[in-house]
Amino acid sequence: MKFLIVFVALFAMAVARPNEAQIVRQDADVEPEKWSSNLETSDGTSIVQEGVLKDVGTEHEAAVVHGSFSWVDEKTGEKFTITYVADENGYQPQGAHLPVAPVA
């Protein structure tokens, strides 16, 4: 459920930006135990994700989502991309511009 909230929030941010970006591609494939979606806007924003339910029917049932989102900074033109996994271990983002914790 958390992944859905994150996706909806990212989608809302992409659509609500003040620069009047247009949706140029939007696909979704939803099945009972797996799903995928893609969104691209004319300003370079992109959101891609796919998920699957694992251990269906057990008390350890969980959703595993792999995805990424990208955007272009309006001022610098630099493209930023975050890839992530969201599963029973939480949301795990990776991106070249994200800070890294020091080694303990």
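Me: What makes the contact between Lys54 and Glu88 a salt bridge?

Reply: In this predicted model, the closest N and O atoms of Lys54 and Glu88 are 2.9 Å apart. A salt bridge requires a side-chain nitrogen of Lys or Arg within 4 Å of a carboxyl oxygen of Asp or Glu, so the pair qualifies.

Me: Which parts of the chain does the pair of Lys54 and Glu88 link?

Reply: Lys54 belongs to strand 3, and Glu88 to the loop between strand 5 and strand 6. The two residues are 34 residues apart, and the pair is therefore said to link distant parts of the chain.

Me: Why is Lys54 called partly exposed?

Reply: Its relative accessible area is 32%. Partly exposed covers the range between the limit for buried, under 20%, and the limit for exposed, over 50%, so Lys54 falls in the middle class. Glu88, at 47%, is partly exposed as well.

Me: What makes Arg25, Asp27 and Glu40 a network?

Reply: These residues are linked by salt bridges. Arg25 forms one with Asp27, with the closest N and O atoms 2.8 Å apart. The side chains of Arg25 and Glu40 meet in another, at 3.2 Å from N to O. Both distances lie within 4 Å, so both pairs count as salt bridges. Arg25 is in strand 1 and Glu40 in strand 2, 15 residues apart. A search of the whole structure finds 3 salt bridges.

Me: What can be said of the pairing of strand 5 with strand 4 and with strand 6?

Reply: Strand 4 and strand 5 pair in the antiparallel sense over 8 bridges, and Val65 has Ala86 in strand 5 as its bridge partner. Strand 5 and strand 6 also run antiparallel, joined by 5 bridges. Here Ala86 stands opposite Tyr91 in strand 6.

Me: Why are strand 1 and strand 6 called edge strands?

Reply: The sheet is open, with 6 strands in the order 1-2-3-4-5-6 and antiparallel pairing. Strand 1 (23-30) and strand 6 (90-94) each pair on one side only, and they are therefore the edge strands.

Me: Why is the aromatic pair of Phe69 and Tyr84 called tilted?

Reply: The ring centres are 6.2 Å apart, and the angle between the planes is 50°. Phe69 lies in strand 4 and Tyr84 in strand 5, so the pair ties together parts that are 15 residues apart in sequence.

Me: What makes the pair of Trp71 and Phe80 stacked?

Reply: The planes of Trp71 and Phe80 are at 25°, which is under 30 degrees, so the pair is stacked. The centres are 5.5 Å apart. Phe69, Trp71, Phe80, Tyr84 and Tyr91 form one aromatic cluster.

Me: How do you know whether Phe69 and Tyr84 are buried or exposed?

Reply: Phe69 has a relative accessible area of 11%, and Tyr84 has 7%. Both values are under 20%, so both residues are buried. Phe80 is buried too, at 16%, whereas Trp71, at 27%, is partly exposed.

Me: Which residues form the largest nonpolar core, and which elements give two or more of them?

Reply: The core has 8 residues: Trp35, Leu39, Ile47, Val65, Phe69, Ile82, Tyr84 and Ala86. Strand 2 (34-41), strand 4 and strand 5 each give two or more residues. The largest share, 3 residues, comes from strand 5.

Terms used. Residues numbered from 1 in each chain as written. Predicted model: local features only at pLDDT ≥ 70, side-chain atom pairs only at ≥ 80, totals over all residues. Heavy atoms only, no water. Phe/Tyr/Trp six-rings, centres within 6.5 Å; stacked < 30°, edge-to-face > 60°. Helix = DSSP H or I, 4+ residues; strand = E, 2+ residues; numbered from the N terminus. Buried < 20%, exposed > 50% of the residue type's maximum accessible area, 1.4 Å probe, protein only. Pairing = 2+ DSSP bridges. Core = buried A, V, L, I, M, F, W, Y, C linked by side-chain atoms within 4.5 Å.
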